[in-house]
Amino acid sequence: MRTTIEIRGARENNLKNVDVEIPRDKLIVVTGVSGSGKSSLAFDTVYAEGQRRLLASMSTFAKRFVGQLKKPDVDFVNGLSPVVSIDQKTVGSNPRSTVGTMTDISDYLRMLFATMGTPHCPMCDEALAIRTPHQMMEHILSLPKGTEVEVRAPVYKIHGEDYEFLFELIRVNGYRRARIDGKPRDLGEHIELSEDEEHAIEAVVDSFVVGPDIDRQVVTSLEHGLKLGDGLLGFHILKPKTPGPSHKKFYDGFGCSRHRLVAGTMEAYQFTFNDPAGACPTCAGIGTAMRVHPKLLVPDPKRTLNEGAFVNAALGNSPDSWGGRMLYSLAAHYGFSLDMPFQDLAKEHVDVLFYGSKGQQFEVKVPPKAKVGQQHAGKKIKFDGVVTQLEHHYRRYRKQGMSNAGMDEYLKSVMVEYDCPECGGARLKRTRRLVTVDDRNLYEVGEMHMADLLKYLRGIKPTARQHAIADTILREVSTRLELLIAIGLDYLSLNRRSATLSGGESQRIRLSSQIGSGLMGMLYVLDEPSIGLHPKDNVKMIETLQRLRDLGNTVIVVEHDADTIRAADHILEIGPGPGTHGGKIVAEGPLRTILKDGRSLTGQYLSGKKNIAMPAKRRAANGKSLVVRGARQNNLKNINVEIPLEQFVCITGASGSGKSSLIHDIVQKRLYSLFHDSRVFAGTHDELLGAEHLSDVIDVDQSPIGRSSRSNPATYIGFYDAIRTLFAETDEAKKRGFTASTFSFNVKGGRCEECSGEGAITTQLSFMPDVEVLCPTCKGARYNQDTLEVDYQGKNIAEVLDLSVEEGVAFFASEPAIARKISVLDELGLGYLTLGHPSTILSGGEAQRVKLAGELGKLKRGKHNLYILDEPTTGLHFADIDRLLVSLNRLVDTGHSVVVIEHNLDVIKTADHVIDLGPEGGHNGGQLIASGTPEQIAVCKASHTGKALAPLLSGS
Amino acid sequence: MPRETDAKKLERYEAALAQFVERVMVDRYVLAVVEEGSLLPETMWARHALSLWIIEADGVTRRIASDGTDERVFRILAENGVNIHAEVIPRSRFKKMVEGASRTAFSHNFFAKRRVVASKDKSIDGWFKKADRLATKDQERELLAFSTWTIHAAIHARKRLDVKGDLALASQDTLGAAHSVAHTEIIRRGEVWEDDVIYRAIEGAPALFKTIYLDVLAKPKNRKVLAAALDAVDGYLDEHYAAHLKPLLDYLKKEDRVVPLSEISDHFAFSQVYPGHLCAACDWLEKKGLLEKVSAPFKLTKRSLERVEEPAYFLDAGR
């Protein structure tokens, strides 16, 4: 039997015809400097080929539903298994995706509640009997012949709507009769009800006179009625008016004793907020509603109303528009000026604009410069107010049953989320929230942290009848929870939205799902699963990878983490350098082989022959600092934190301890609202002091620098314009009448019009993946022939964009402004990228470093910016980290402040100041554990970071 | 061959109905048989078949290829030489027809004209009895629907007459408006608005319909006759608008703000009140000084950033 995966002739990207054999059923780490070709081997070759082969074996029918992969550039790969890739991509911003839905635990819990749940009366909370429609029918038939039974479904007002709306809803469902506070009413008549009072509304579903052959009528009617009553029906004996003993017996064990309600059998789909059967009708299962925040309507309060102080789509100011007419008319009526800055308007005038004329009528006046609208002059109307109108629009969208789908983008941009007023964020209908298992409803169960949830589930005692189903469910859920806890995600809850998870957390959740699947003989390819993990949690991660291996799988991990590399059965180092300098197997084998191999840069760092040096001296505090008081966002426990400025500061702590909540949600957003956009809302805190010491806050994150291939490092950093100008100033260009824009592939003129400057033509095929072929006209050059005939120093514009960053530094040596900007990219280890490298294929770490290079390239004396970076060591080898630290320290040395959220101990040990949060994640975190130099942190017994840091500092 | 007399035909139809009912009610899946339109001597001349609703139990509907995608099931049966046109309706859908809001073609009047010939299900009898009783809101909705038609038709006829001077087409449009008034009258009286409504309306308001209908038909189609007819239609609208347009007026009064036409139309969606007719009605009310007409911004496509404008109306409740 094959014991290796054999790869011959791998040439994907920069791989140099690599031949390698990877042992199967082992934990293999692929490492190397950034850009050396690790991902090209692991993902673009091994994973891509494995997936392609699997797909090729499927039927033509199945292939229609799965996009095929293009064949990687490799001669052959033997010994492959079905392959699964678990990368760091975040799961998108779908508000309906939660940890529970990602892990499928929610599906099991829904089954649990459907099977074991006890519904309760919405009025008196009494536990209700559960019956199928057939059982209800049989129970009705047990009554004496001639008994008249009325079946009613309780219905409730939808938040924000009146009783009339509810009556129409009942009517549209096909029911005309109702009981309101017990009295029969005809919904075809006008019914006046006080909206301020609660009324018990029951739709009369049907009435039956007990007799032969009514069974068929009853069952279908009950099924329809259960839909209207959200699973609840009330049974009331109308005749005889004086019930006998057999009539009274009807209610024994059937229906709540006061309200006669019975619950229908429950199904799992009724407990999902992604189905109308279970979703809260007010928020459609999103859990939040939206309301307009007046602050968001006026982005720049210094503007006057005539200058367009309001967001134009909310209230335009053009004299010919409705908004312009309203403004002019209101100003005339209330006596305020349209030329006064918004912030200087009197409060009562601002209130009129936001909340309306409150019943007061005013005369429509047409602005003097208006060309249209004269027919409205003199009419008397009322004004709702911009806020009122927008919220009205929002309610209309909601009523249409589409949640927020289709809502104006601008409407979303001027609204803020708050907990749904109906379900309080639970996302489920009222009746579903009344179903409990061991006194907890599904929402409450979803709010528990994993460890608490496991304890709760272990305490559930199913009845003998429930055992068969409940045991399976409980076992499956417990296994998944144990895996999630083992992988260090114990602080998460099932209700946590997926969009709020970090890349590392998402990856670990998917990893735990794979282990939970129990598959063997698989090939797993992972990308830096240690990202986001505190060293103390990394141990659990490594154990999890080993467990996956022990199930009988091959696990290939692209990693830089020293502990993970040490734990590997087999290590492959790709290099020796990045880009064209890499693409070869530098060293391979078990750890002891790597440590001894002098060619292995990784081995040199692991053996201690090379290390990331500690600074000779840490920068002393200069008295300037940012102080956050009363930080309470998410799990932060009302802490006060002082962040020294003009230093290199590291924020550390276990995953989920509150680092991002403190730095991103509070510090970054608060500063951004002060410097740029007052509409940005910071996380919950009392105050932030010290902003006057800063000029700006810059978040250097890992989001893409551009979303199309037309964006690249040259355009982002800004030296592309300078390059185009150089070309435009050549004699040949002047002779041909070319300008700088001729040398842009984004505008018509100099670009290849066959591909519109893309360099490739994409063709969509039905049964095959999109095929991208080199443009037959420009052959990928992106420019037309005329433009390519102009050269600068012997190279045309396409050839210049094909230069690597490293080559670019030398090429533009005579243009210091350009060379300086390019050289910063080189200093950050991005020398292998081409100047025209499409931003769509940059990794998160590469994108972050391009942004950092952009900032470094525009450093100005006299400015004091705060730079925030979140795990900038993602994707970086030890050697790359060294270069990164040089750049970060350069920022501090020029008078700026750098705050880095990090787990990497080599980075932490070089910091001037460390702020450690914890002690654990989630509700067990959020406290300030220690704050001081790395040495001070290392001696703090309560600090996990300190414990991990101590050996490193003593070793240094 | 001598034509069968209406009386003979009636006898034959009644016998066929009785036989059919006896046969079909043995079927345990048939719950009731409802006669659509009474068998009366005066209406026999038009009849070529019995028309029935057959109410079946839920879950037993038989569909055949000729039913296509239509939810409704129609069958042509025969009993003793008499054709029977039957719609077979499951109980739950029938219940919805009877009790649901009159946002479909059905109104209480529709059921008032039907007769339960045989029933095993007492609740069906009960629905009929209750459906007989006029639902105020349903009647108001129907009055609104027809009144907006009338306004629209009258405005159009007036333009033909006054602007185009086309007497022939103006007379046709005037007759259209008259039919609309006839429907409105019948609904207002709580009667069934089917089958030769105009004659029943004439009986109820002879003077009005002489002017707006009979004179237009019989007299020369000149400006004087047509103008008199349209003036009478306008007079009718003036007299009854407060009641006939009540849902619209109540809605605008409750909103107490400038309401765009699209919102008004949304409110009356499923009520067979067309946006175009609503606009005509609102403009008519504006001309009467009851509404102010302004405009409001309107987004033309899902992604539009620019706004066009649409009519919007404001009712001053204090006036």
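1. Let's start with two neighbouring strands in chain A. Strand E8 (residues 177–180) and strand E10 (residues 201–209) of chain A pair in the antiparallel sense, over three bridges. If you want a spot to look at, find Arg179(A), which stands opposite Glu202(A) in E10(A). Keep in mind as you look around that this is a predicted model. As background, strands of a sheet pair through backbone hydrogen bonds, and they can do so either parallel or antiparallel.

2. Now zoom out to the sheet. What is the order of its seven strands? In chain A it goes E6-E12-E11-E7-E10-E8-E9; the sheet is open and its pairing is mixed. The edge strands are E6 (130–131) and E9 (183–186) of chain A, each of which pairs on one side only.

3. Which helix lies across E10? That would be helix H7 (residues 215–228) of chain A. Besides E10, H7 lies across strand E7 (148–155), strand E11 (232–239) and strand E12 (261–264) of chain A. Relative to E10(A), the helix runs at about 175 degrees.

4. Helix H1 of chain A is worth a look too. H1 covers residues 38–56, so to speak 19 residues, and reaches 26 Å from its first C-alpha to its last, close to the 27 Å expected at 1.5 Å a residue. Where does H1(A) bend? Look at Ala48(A): the bend there is about 30 degrees. Ala48(A) is also one of the buried residues of H1(A), and others on that list include Leu41(A), Phe43(A), Val46(A), Tyr47(A) and Leu55(A).

5. On to the cysteines. A disulfide is a covalent bond between the sulfur atoms of two cysteines. How many disulfides does a search of the whole structure find? Zero, over all chains. Cys256(A) is buried, with a relative accessible area of 0%. Cys755(A) is in no disulfide either: its nearest cysteine sulfur, in Cys778(A), is 3.7 Å away. Cys755(A) is buried as well, at a relative accessible area of 5%.

6. Finally, chain B. Here you'll find twelve helices and eight strands. The C-alpha trace of chain B spans about 65 × 55 × 35 Å along its principal axes. Of its 319 residues, 50% count as buried. Among contacts in chain B with a separation of 6 or more, 63% come from residues 24 or more positions apart.

Definitions and conventions:
Residues numbered from 1 in each chain as written. Chains lettered and ligands numbered in written order. Predicted model: local features only at pLDDT ≥ 70, side-chain atom pairs only at ≥ 80, totals over all residues. Heavy atoms only, no water. Pairing = 2+ DSSP bridges. Helix = DSSP H or I, 4+ residues; strand = E, 2+ residues; numbered from the N terminus. Contact = heavy atoms within 4.5 Å. Axes fitted to C-alpha atoms, helices over the stretch in contact; angles between N-to-C directions. Expected span 1.5 Å × (residues − 1). Bend = angle between axes of the 7 residues up to and from the residue. Buried < 20%, exposed > 50% of the residue type's maximum accessible area, 1.4 Å probe, protein only. Disulfide = S-S within 2.5 Å.
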